[in-house]
Amino acid sequence: MAQFKTAKDVVEFIKNANVQIIDFRFMDFPGLWQHFSVPAREVDEGTFEKGLGFDGSSIRGWQAINESDMLVKPVAETAFVDPFLAANTLVVICNICDPITGEDYTRDPRNIARKAENYLKKTGIADIAYFGPEAEFFIFDDVRYDQNAHEGYYHIDSIEGAWNSGRVENPNLGYKIRHKEGYFPVPPTDSQQDLRSEMVLNLEKIGIRVEAQHHEVATAGQAEIDMRFDTLVSMADKMLKYKYVIKNTAKMHGKTVTFMPKPLFGDKGSGMHVHISLWKGDNNLFAGNGYAGMSEMAMYAIGGILKHAPALLAITSPTTNSYRRLVPGFEAPVNLAYSRRNRSAAVRIPMYSTAKAAKRVEFRCPDPSCNPYLCFSAIMMAAVDGVLNKINPGDPLDRDIYDMEPEELAKVPHTPGSLRDALNALQADHDFLLKGDVFTPDVIETWISYKMKNEVSALELRPHPWEFTLYYDI
């Protein structure tokens, strides 16, 4: 794929590659990619400096209608040729600016991530924060859902689903994946190897380096594709490209992908374990001689993440559905502790490699429903707060939680039990996010009010299908 550094590079490519359409993309507040397109002849080097106007009042969580005009300013180095569209289309990710002041928009998630990177450098702690998310997702064959005054339901289907072992398929060849046994048998039980490989090749076609792909634990097409780590803003950009490529590759095969954390009852949910390390030049500051080969700085970073975890989850696990996954008593990372191997701890130190360059912290609570710009920024801000304030993370939780006495386990703090609880935690603990003007008070207030009104309260108002099972005959 062509590599772009300047607006001139992009404009020359448009001419030489006979590009027909330029697609401008940006991230809305909750976390969905948005776009609009113009003919290629409308774009020149000045477009990258002056930007293009759009209606900011129509974007969720953004401007009031009396202040609706906003600008997108394309970022040259993010450009890539769309592998799915019929017209030869060049996609460019954009920053959002105020058309009057020219200032970056405070509610633009990408702007928040850029400010987070700048803040890290200003602290003098490190130059670079590297992130490596491991996003899981489901590939389904069919999904139907509805909610109205008199009914509410969802129906999911997959040829791999354990529930289809007796379905008439003319012929049914068997090889259905039993619940929690999808990690990871070979084909024909794994029916999606070729599809995931095509997803990998499409990702690499647009410049995203992939390290591995495999079936995940759950039945019904749960999958994981892992990207090579990158810097904060660049990795968040890649997460959006990742979702776009995976969804559209599946659609070409008549399948649908969801990054919803818990679409199936009785099986594993989809997380997004986020690996983070801080560096100065070529020096990994998390490598040391302490516990699990980690440095004192790494321990303080863990302390910051654990201290602020309840508030962090309002951003890193930001849906009501996220808390169907984060349930105590199962394998979910609900224990606010750290360990070098225990996967039920919220923070794990991977031990796959002893190389100093590989030393990192894995925060296991996030899921792929998050806005990656906000997610990575918030995690980094918590880690930096831990380093600046030398927050001790306490002792590791290296024991099997299922062998612990209830009295012992009760002493281990847990993640919030709902999105409402997480948002309340964020309301009480967000000063660490305001440092360096990375998150502003307006961003925090808007996030909490938007989530409370449009998701928490909206769900609480609606009857749940299981309530009819429990209570209809009362």
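## Two helices side by side

Let's start with a helix pair: the axes of helix H3 (residues 109-123) and helix H5 (residues 232-252) come within 8 Å and cross at roughly 150°. That makes H3 roughly antiparallel to H5, a label for angles over 145 degrees. The axes here are lines fitted to C-alpha atoms over the stretch in contact, with angles running from 0 to 180 degrees between N-to-C directions. Helices (H or I, at least four residues) and strands (E, at least two) are DSSP runs, numbered from the N terminus.

Which residues of H3 meet H5? They are Arg 110, Ala 113, Arg 114, Ala 116 and Glu 117, and across from them in H5 sit Leu 232, Val 233 and Asp 237. Contact means heavy atoms within 4.5 Å.

## What kind of model this is

This is a predicted model, where local features need pLDDT of at least 70 and side-chain atom pairs count only at pLDDT 80 or more, while totals for chains, interfaces and linings use all residues. Residues are numbered from 1 along each chain as its sequence is written, and side-chain values use heavy atoms, with hydrogens and water left out.

## A strand covered on both sides

Now for strand S6 (residues 89-97), where 9 of 9 residues are buried. Buried means under 20% relative accessible area, exposed means over 50%, and partly exposed is in between (1.4 Å probe, protein chains only). Both faces of S6 are covered: one side has Thr 89, Val 91, Ile 93, Asn 95 and Cys 97, and the other has Leu 90, Val 92, Cys 94 and Ile 96.

S6 also has partners, and two strands count as paired if DSSP finds at least two bridges between them. S1 runs parallel to S6, joined by 5 bridges, and Ile 22 has Leu 90 as its bridge partner in S6. Strand S4 (residues 69-74) runs antiparallel to S6 with 4 bridges; there, Val 72 stands opposite Ile 96. Strand S5 (residues 80-81) is antiparallel to S6 too, over 2 bridges, with Phe 80 opposite Val 91.

## Rings meeting rings

How many aromatic pairs does a search of the whole structure find? It turns up 19. Rings of Phe, Tyr and Trp (its six-membered ring) pair if their centres lie within 6.5 Å; planes under 30 degrees apart count as stacked, over 60 as edge-to-face and the rest as tilted. Take Phe 29 and Trp 447: their ring centres are 5.6 Å apart and their planes sit at 80°, so this pair is edge-to-face. The pair links distant parts of the chain, 418 residues apart, with Phe 29 in the loop between strand S1 (21-27) and strand S2 (33-39) and Trp 447 in helix H12 (residues 441-460). Both Phe 29 and Trp 447 are buried.

Tyr 183 and Phe 184 are a tilted pair, because their planes are at 40°, with centres 4.0 Å apart. Phe 184 is partly exposed, at 45% relative accessible area. There's also an aromatic cluster made of Phe 26, Phe 54, Trp 62 and Tyr 105.

## An arginine over two rings

Arg 25 lies over the face of Trp 33, 4.9 Å from the ring centre, and over the face of Tyr 244 at 4.1 Å. A charge sits over a ring if NZ of Lys or CZ of Arg is within 6 Å of the ring centre and within 35 degrees of the ring normal.

## A look at Thr 256

Finally, Thr 256 belongs to strand S13 (residues 256-258). Is Thr 256 buried or partly exposed? At 27% relative accessibility, it counts as partly exposed. Leaving aside neighbours within four places in sequence, Thr 256 touches Phe 138, Ile 139, Phe 140, Asp 142 and Val 143. Asp 142 is 114 residues from Thr 256 in sequence and 6.9 Å away in space, C-alpha to C-alpha.

Methods
Parallel < 35°, antiparallel > 145°, perpendicular 65-115°, else oblique.
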